Amino acid sequence: MRHGKKDNHLSRTHSHREAMLQNMASSLILHKRIETTLAKAKELRKFVEPILTRAKEDNNQNRRVVFQSLTNKETVKELFGTVADKIADRPGGYTRIIKLGNRAGDNAETCLIELVDFNETLLAAAAEKAAATTKTRRSRRGSGARQAAGAAEAAPVAAEVVAETPTAEAAPAAEVETAPVAETSTEAPADETPATDAAAPEASTDDEKK
């Protein structure tokens, strides 16, 4: 029974499967991307990623272990040279699988497996997308933009109110000082004169009646 055993044997014996994965790993390291079936690509990723991790530290022991797995001097040289420099800062996930659809002959799922750090087109597109996403996130923050605009509009209004406040306080003081002068000079005589005129005709009429 094979309970809990998730390795795909790919309908091959152990020696055949190991030889196939060695050849596919060498092709991937030398050419940076290969096209194969999805099942083989998933098994290749499990086979090659520990090798890539070992290549990040260049010493004699790691070279011996990697050569035992790949059995190809040119592949080992490329791995510890160009590839190791590219993947030095990456903690894992060195490969990418891109599905291509089904094959015409046997309808098998095909895909492209590649080293992530060697696809310059996707790296440039990802950088542009990250920059565009950052800009759109800033523009989509309606509340933050509205608050910033409101604060910008409120600042000049507050400055104007502060500038106008002394003038508004000075105006009532001037009115208070001039108001008593106007009442004593003009309104008081105007009220007293009609009272005396009205009293005089009443006295003359009383005298005529007597």
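Predicted model: local features only at pLDDT ≥ 70, side-chain atom pairs only at ≥ 80, totals over all residues.
**View 1. Salt bridge between K32 and E78.** The side chains of K32 and E78 are joined by a salt bridge in which the closest N and O atoms lie 3.0 Å apart. This pair connects distant parts of the chain, since K32 sits in the loop between helix 1 (14-31) and strand 1 (33-37), whereas E78 belongs to helix 4 (residues 73-86), 46 residues apart. K32 counts as buried because its relative accessibility is 12%, under the 20% cut-off, while E78, at 22% relative accessibility, counts as partly exposed.

**View 2. Salt bridge between R90 and D117.** R90 and D117 meet through their side chains at an N to O distance of 2.9 Å. Here too the pair links distant parts of the chain: R90 lies in the loop between helix 4 and strand 2 (95-102), and D117 in the loop between strand 3 (109-115) and helix 5 (120-140), 27 residues apart. D117 is buried, with a relative accessible area of 11%, whereas R90 counts as partly exposed at 25% relative accessibility.

**View 3. Salt bridge between R103 and D106.** The side chains of R103 and D106 form a salt bridge with an N to O distance of 2.9 Å. R103 is partly exposed, having a relative accessible area of 40%, and D106, at 49% relative accessibility, likewise counts as partly exposed.

**View 4. Network of D7, E43 and K46.** In this view, salt bridges link D7, E43 and K46 into a network. For context, a search of the whole structure finds 9 salt bridges.

Methods. Residues numbered from 1 in each chain as written. Heavy atoms only, no water. Salt bridge = Lys/Arg side-chain N within 4 Å of Asp/Glu carboxyl O. Helix = DSSP H or I, 4+ residues; strand = E, 2+ residues; numbered from the N terminus. Buried < 20%, exposed > 50% of the residue type's maximum accessible area, 1.4 Å probe, protein only.
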